[in-house]
Amino acid sequence: MSNAARSSSAMPLALSDFSIVTSLGAGRAQTIDALRAGRSALAPCTFETLPFPTYVGEIAGLDAHSINGEMAGFDCRNNRLAAMTLRQDGFADSVAAARERYGSDRIGVFAGTSTSGLLKTETAYRRRDPTTGRLPPEFDYARTHNTYSLARFVRAALDLAGPAFVVSTACAATAKVFGSAARMIAAGVCDAAVVGGADTLCATTLFGFHALGVMADEPCRPFDASRRGISIGEAAGFVLVERPSDGHHADTILLTGVGESSDAYHMSSPHPEGIGARLAMERALEAAGLGPSAIDYINLHGTATPVGDAAEDRAVFDLFGAGTPGSSTKGFSGHTLGASGAIEAIFCALGIQHDFLPGSPHTRTVDPAFKSQYVREGRRARINRAMSNSFGFGGANCSLVLARAA
Amino acid sequence: MRVYIEGVGLCGPGLDGWTTSQPVLAGAQEHTPASTRVPASPLLPANERRRAVQTVRLSLAVGAEAFAAAGRHPSATATVFASSGGDGETIHEILNVLASPNRELSPTRFHNSVHNTPAGYWGIATESRAPSTSLCCHDDSFVAGLLEAAVQATVEQQPVALIAYDVQYPAPLCDVRPIGAALAVALVLTPEPSGSTLASVELHLRPRSGAVSIMPSASLEALRQRTPAARSLPVLAAIARRDKAMVMLDYLSDMTLALDVVPIRADAVLGIGSSERVPG
C-alpha cells in the first residue's frame, strides 16, 4: 500500500450483483413485483407475545433455514436470514466468480447490523440455570450475539479471506458500509467487497421502540398527516461492489456518491431542522459531482414518526425544492433498522432497472405541512439517478447516490 | 498507506492518561495494575457526567486527551469508534428485563444499547457534524478500526480520530465472554505530518505471519490478551519508546496488519515537512 493509492477516486463503484430478502419476498423478482403491485407485507405481530398491538414485516419460514454442520455455531435468526439471502438469484455464484478473478484475500466483507444474534441471547437469558444463573452451555457468544457475527458468517459462507468488520451505527449501518467498501477499494486494501447486512425481529427492538413511544399500533404511514410511528420489519440485502469494467453493461447500477454526517443533536431524535440529513445528502451529491436537479427519485428514510418525517421533509425541500419525487418504502417492508440502507439501495437499483418509481402503501393523506414532493402511488418512470437516505440513532446519517451505468 | 499520529489518549488499569503512561509503556517504569480510573472529560457537563454510561465516559475522556495533545478541535474531524462488545451493562439490563415477567424497558437504556452510543454522545459534546462510524470485529475490533481510520485519512485526505474501547460484561455474559479491565485508546491520525506529529505509521495488510507483537511486561501482556482494545498497546509502546519499530497485529484468523512505526521530532517536521527520523 503506497500513498499513490490516494490519487484513485473512491467513486464510482459497480454493483455487480445484489441479493435481497424482505417480508415482501425472497429475491429480486418477488421484490419488484411487490413494489409494482403496491403490496405491503405489514401484518399484526404474532412473532412475540406482546402486551401491545403492533404491525411487523416478518419473513415467513425463516425457522426452516437452520444452519448446520461445521457452521452450526452461527445458527441464529439473523445469520439464517443472511444465509437465505446469499442463496438468492445466484449471488453466491457471482461472489465465487469474483473470488476467481481477484483471489479470496482481495475481497472484503463490510456488513451492517443492529440486532445481530440478540434474539438468541434473549432466549438464552430465559433459560439461565435457576441456581447458578449461567447461560445454557450451547450458547455461542462469538458466533451469534457478538455484533461481528454477521460478517464472520458471510465471510465463512462465501469463502472469503479479505478485510472484514461490522458497522453498527443503528439505522444507517448498511448504507455506511458502501462508504467503507469504496474507501478500502480506493486505498488498494481490496479489489471488491461484499457489503450489506441483516436485521431480524427480536424482543429488544419491539419492546425498545415501544418504550420510546415511536411504534405505531397500525401499519406505518410515512409522511401521512396522521402518522403514528414505525412498524418494525426484518430484512437482509447484500451487494457485490467492485470497480466498473468491461464485464459490466448498460443495465449495471453504479454507486456514484456516498455522503455521511452526524446530527450532533440528540441520541434518539433527529435534528428538527434536518441539518444532519441535509448535510449527508449534500455530501453525497458532491461526491457524485451532481446538482440536486440530477436526482430523479429519493428513497426517503421516512419511518413515519412525527418528528423524523417532518425533519426529513424540511431537509429534502431545502435542498431539492418540490420538483424531485420521493417516497419512503417503509410501508412495504417496515423499518428494517440497520438493514434498511442496503435493502432500500436495492429498491432504488430495481427501480432504475425496471423503470419503476415505488409508492407508499398505507399513506393516505400526505401531511399538508410538508413541502417536498411525496409519491403515494407507484408509477412507471425512467429513473437515471436515485438517492437513498438512511438516518439512525446517535445522529448517524448516510445518503447514497445510485445511477444507471449508461 | 502512510498516516501520521498526531495525538494519543489512553485510559486503562494503571494507565492514567497517555502522558503519565508513556514511561510505563516504554518499559522505564513498572506497570502497577489497578482499577481503571476514568477521568472527568472536559467534554461532558457535570450532570451529564453522572448519567453517562461507562463506555461514553471512557470514550470522551480519551478522545478529549488525544485532541488536546494534537492541538486540534474535534468538531471538524471524522471519527471511527471500535468496540468488541459495546456497553455490556446496558445490554445485560435489557436482557434481564426481557426475561422477567414485566418486560418494560427504559427508553434511555434502549437508545444507549446501540453500538454507536459513544459516537452519538461524542457528536453532541463536540458539536461535530463530521462523518462518524462505529464498528465491531470481535477480538480484532481495534485493528479493524485502525485500518478503517487509516484508509479514511488516506482516501479522504482528512484527519480522522480512532476511539477504541472495551468494558467488561456483568454475569452471566462475562462467563461466556471474559474481558479484562476496561480500557480505551484514542489516536488522532492525519494524512500529512503537522507540528504535533508524534510518529509516522506505514500500514501493510498481509496474509498471517507467525509473529505478533507482545508487551514485555507480564501484566501489560495479560491486559493485551484479555481486553480487545488493549491490542493497541504495542503500537503505543512503540511511540512511547521514541524508537522505530515494526509492530505486528493479528487481524482475523488469516491476516496480519504490520505497522512500520517511525517516531518524528515535531520541530523537524515543521522545518522539513516530511519524515525526519529521530536518530538511534
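The buried residues of α9 in chain A pack against β10 (253-262), α10 (306-320), β16 (385-392) and β17 (396-404) of chain A. Contact here takes C-beta atoms, placed from the backbone, within 7 Å. Helices (H or I, at least four residues) and strands (E, at least two) are DSSP runs, numbered from the N terminus. This is a predicted model: local features need pLDDT of at least 70 and side-chain atom pairs pLDDT 80 or more, while totals for chains, interfaces and linings use all residues. Residues are numbered from 1 along each chain as its sequence is written, with chains lettered from A and ligands numbered from 1 in the order written.

So how covered is α9(A)? Mostly: 11 of its 14 residues are buried, among them A:I275, A:R278 and A:M281. Buried means 20 or more other C-beta atoms within 10 Å of a residue's own, with 12 or fewer called exposed and anything in between partly exposed; C-beta atoms are placed from the backbone.

The helix covers residues 275-288 and reaches 20 Å from first C-alpha to last, close to the 20 Å expected at 1.5 Å a residue.

## Where chain A meets chain B

The contact takes 57 residues from chain A and 55 residues from chain B. On the chain A side, elements that each supply at least two residues include α7 (173-186), β10 and α9.

β6(A) pairs with β4 (residues 132-136) of chain B, antiparallel over 2 bridges; pairing needs at least two DSSP bridges. Within β4(B), B:C136 sits opposite A:V166.

Definitions and conventions:
Expected span 1.5 Å × (residues − 1). Contact = placed C-beta atoms within 7 Å.
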